[in-house]
2 protein chains.
Amino acid sequence: MRPFTSTISLDEARRRLDAAVRPIARTERVAIEHAAGRVAASDVTAPMDVPPFARSAMDGYAVVAADTAGASKSTPARLRQLDRIYTGQPSSVTIAPGTCAEIATGAPLPAGADAVVMVEETAKTGDEIQIFAPATAGHHVGRRGADIAAGDRVISSGDVLSPSRVGALAAIGCVDVEVFAKPRVAILSTGNEVVEPGRTPKPGQIFDVNRFTLGAIVSAHGGVPEPQHPAQDTVDALVAALDTCAQMDLVVFSGGSSVGERDLVVDAIALRGEMIFHGIAVRPGKPTAFARVKGTPFFGMPGNPTSCLSNAYILLVPFLRAIARLPPHTPRTVQAPLGRRIVSAAGRHQFYTVRLRNGIAFPAFKGSGDITSLSQADGYIEIPSDQSVVEERAMVMVTLF
Amino acid sequence: MRPFTSTISLDEARRRLDAAVRPIARTERVAIEHAAGRVAASDVTAPMDVPPFARSAMDGYAVVAADTAGASKSTPARLRQLDRIYTGQPSSVTIAPGTCAEIATGAPLPAGADAVVMVEETAKTGDEIQIFAPATAGHHVGRRGADIAAGDRVISSGDVLSPSRVGALAAIGCVDVEVFAKPRVAILSTGNEVVEPGRTPKPGQIFDVNRFTLGAIVSAHGGVPEPQHPAQDTVDALVAALDTCAQMDLVVFSGGSSVGERDLVVDAIALRGEMIFHGIAVRPGKPTAFARVKGTPFFGMPGNPTSCLSNAYILLVPFLRAIARLPPHTPRTVQAPLGRRIVSAAGRHQFYTVRLRNGIAFPAFKGSGDITSLSQADGYIEIPSDQSVVEERAMVMVTLF
């Protein structure tokens with residue numbers, strides 16, 4: 001058995017991870033109905049004006065603005081109605097002084113008109129329209145190109161496509177858009193004891209948990225999980241698994257990076273790549289490794305489900321989002337008094353799960369191997385490596401899952 | 001043309017929406033790899049203990065605890081090693097007093113042993129193991145069922161399935177889980193002027209924007225968008241569209257709920273359902289309607305893209321999440337000084353989009369019809385109906401998109 005020779009601090013681990021980020025370069029085209037949340041891979045310039053014609057911003061009457069000068073309730077302007085203009089149907093009439101056309105919101109302004117008077121400021125008798133308020137040129141008119149002018153940059157490369165940006169693409173007639181591909185993330189649990197749910201575990205075996213927790217994390221943060229079957233505890237099996245994952249954008253193994261004789265991920269990395277760190281002074285999650293295998297970043301996560309998922313939140317999520325070109329994740333936090341004293345391991349930065357009940361944070365951590373340490377928690381608090389006790393009633397900042 | 005006879009306040013609109021929520025009752029089974037973010041529709045009880053056997057929590061030696069009493073560096077306990085126990089492979093040996101077995105983290109504890117001494121507190125000479133520290137019964141042992149005991153409730157109906165809860169389901173061997181169905185949301189743009197991207201607009205026509213912005217919103221908040229082709233501006237066409245959408249869980253039309261003669265959604269609702277409100281004292285988005293059509297809730301959103309999307313954030317998202325049984329959405333907010341004075345419409349609650357530049361919030365609102373009012377904004381501020389001016393440099397709370 002080989003104990004850890006050394007660990008690095010969480011800050012140092014984060015520095016090395018930041019330095020190893022290579023944002024994805026591969027792109028693809030997706031239909032705009034599936035583009036929300038994706039990252040634009042090129043600028044998009046409008047090929048047309050939006051709106052493509054001057055249009056009424058109100059239900060009312062299209063007028064020559066000069067005709068309405070000085071109009072009031074007692075001295076209305078009187079205009080003759082030439083047409084009714086509905087949306088989608090340009091009018092063939094020309095509005096000359098003394099005339100007007102009824103017009104719907106969004107309908108194209110007829111030739112000659114330069115303003116719209118809203119219906120609430122008018123009255124109608126036969127085809128004579130009384131106008132009770134003056135309108136200046138452009139009043140209640142959406143001019144051609146007011147929203148987007150031909151040649152405007154509608155989307156910049158790197159923009160995350162929010163619902164409104166998808167809408168802007170639709171407005172200029174785009175049916176699809178070039179986006180950065182989602183990183184493909186191989187997920188593999190190592191260990192002779194690990195079996196997939198649906199099979200019957202033999203004595204000494206347990207169900208694979210990490211493949212599912214890691215898959216959920218990867219999906220939620222811009223990646224495509226590519227789950228692999230569990231690998232046996234031999235160097236050959238792990239090297240073969242690494243080779244199988246060579247085309248992925250990121251590889252995440254769990255288990256096999258602790259210090260037991262059979263923990264062979266370290267040996268497999270030595271044969272195929274370069275270890276960047278192995279062992280972090282955090283709890284849970286000390287036996288976490290990070291390497292580069294022929295250019296592909298590799299995470300060796302602890303096999304314990306809570307250690308694995310905890311470090312996925314802390315280390316994998318920021319790394320994956322950076323590769324995916326997504327902005328950093330900013331989980332919500334709440335302040336709460338601690339419901340029970342916590343004693344922490346000195347010298348290790350601790351992530352301690354808590355449950356919120358009536359605004360009080362109660363310790364929820366059971367053991368690194370217990371998935372219920374997380375599944376029955378609402379969030380976690382951090383205890384720095386130079387602190388060993390957090391007293392009952394101390395105010396703590398809870399980062400919510 | 002029919003002006004609004006009255007509007008209701010935003011608070012009143014929210015009250016009526018809350019009262020109209022009927023959380024979805026339909027359920028379905030999904031594979032656990034696709035269950036993250038879904039809402040459990042029934043309790044899940046563990047059919048087995050997790051772990052299903054007592055296991056070592058450390059790499060070290062499985063011992064009879066009593067053998068180690070008083071052990072120290074200078075007076076080690078000396079034990080004879082009987083076996084090496086790897087994960088996934090139960091040992092057939094029984095640990096009697098005076099003996100031990102090397103054991104890997106996660107491996108099943110052999111019969112007779114009741115504690116594990118970590119490798120760092122041992123030394124090995126041939127098959128004699130020296131133990132340098134005493135261990136009490138249960139030390140470094142994960143007892144059978146310590147994480148989850150058979151009969152424990154692992155998931156409660158109504159739980160949102162976080163990554164760790166998916167992991168807990170995997171741990172007890174579930175391959176799928178019963179969840180509430182995602183509400184199916186019909187999305188339809190009305191208006192003769194609306195054409196789908198990919199077609200060539202005729203004079204007076206514009207591309208459909210709302211179908212895409214609403215679809216993105218629905219997907220992001222737990223619904224399944226079911227886009228429909230745009231409907232023409234006739235009562236017959238709208239009634240036919242309502243009938244087509246009868247099997248949906250929620251129906252969202254945009255356009256046609258303003259007050260023009262051709263705005264016929266109101267007439268269509270009168271033929272098929274019951275209007276709950278029509279017209280809200282907000283800006284943008286006054287001409288928003290809400291109805292019930294043969295039991296199915298119906299939103300009539302404004303046709304203007306920014307009005308439509310703005311009210312989708314404010315009214316549709318909370319309603320949809322409540323139907324989907326998801327917890328309320330809590331967007332992030334930041335405080336910032338306002339970069340330029342804003343004059344607001346008195347008597348209407350205003351949502352004013354802003355752009356953040358160097359920590360200063362600059363007004364981004366152009367017009368209700370301009371999608372760039374939103375696509376070039378980072379969030380919005382709210383100006384209550386009794387306030388008409390927000391001064392430059394005033395601190396405002398920006399709700400981020």
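Colleague: Which way does strand S17 of chain A run relative to strand S21 of chain A, and how many bridges join them?

Modeller: S17 (residues 250–254) and S21 (residues 296–301) of chain A run parallel, joined by 4 bridges. Strands here are DSSP runs of E, at least two residues, and helices are runs of H or I, at least four, numbered from the N terminus. Before we go on: this is a predicted model, where local features need pLDDT of at least 70, side-chain atom pairs count only at pLDDT 80 or more, and totals for chains, interfaces and linings use all residues. Residues are numbered from 1 along each chain as its sequence is written, with chains lettered from A and ligands numbered from 1 in the order written.

Colleague: What stands opposite Phe253(A)?

Modeller: Gly300(A), in S21(A).

Colleague: And what is the strand order of the sheet?

Modeller: S16-S13-S17-S21-S20-S18 in chain A, an open sheet of 6 strands with mixed pairing. Strands pair if DSSP finds at least two bridges between them. S16 (224–227) and S18 (274–278) of chain A are at the edges with a single partner strand each, so one side of each lacks a neighbour in the sheet. The twist averages 20° from one strand to the next.

Colleague: Which helix packs on the sheet?

Modeller: H1 (residues 10–20) of chain A, which touches S18, S20 (289–293) and S21 of chain A. The direction of H1(A) makes about 150° with that of S18(A). Axes are lines fitted to C-alpha atoms, for helices over the stretch in contact, and angles run from 0 to 180 degrees between N-to-C directions.

Colleague: Switching to chain B. At what angle do H3 and H6 cross?

Modeller: Roughly 25°, with the axes of H3(B) (residues 210–220) and H6(B) (residues 305–324) coming within 10 Å. That makes H3(B) roughly parallel to H6(B); angles under 35 degrees count as roughly parallel, over 145 as roughly antiparallel, 65 to 115 as roughly perpendicular and the rest as oblique.

Colleague: Which residues make that contact?

Modeller: Among them are Leu214(B) and Ile217(B) of H3(B), and Leu309(B) and Leu316(B) of H6(B). Contact needs C-beta atoms, placed from the backbone, within 7 Å.

Colleague: Now the A–B contact. How many residues does each chain put in?

Modeller: Chain A gives 76 residues and chain B gives 76 residues. On the side of chain A that touches chain B, H2(A) gives the most, with 8 residues.

Colleague: Last one. How many helices and strands are in chain A?

Modeller: Chain A has 7 helices and 28 strands.

Technical notes. Contact = placed C-beta atoms within 7 Å.
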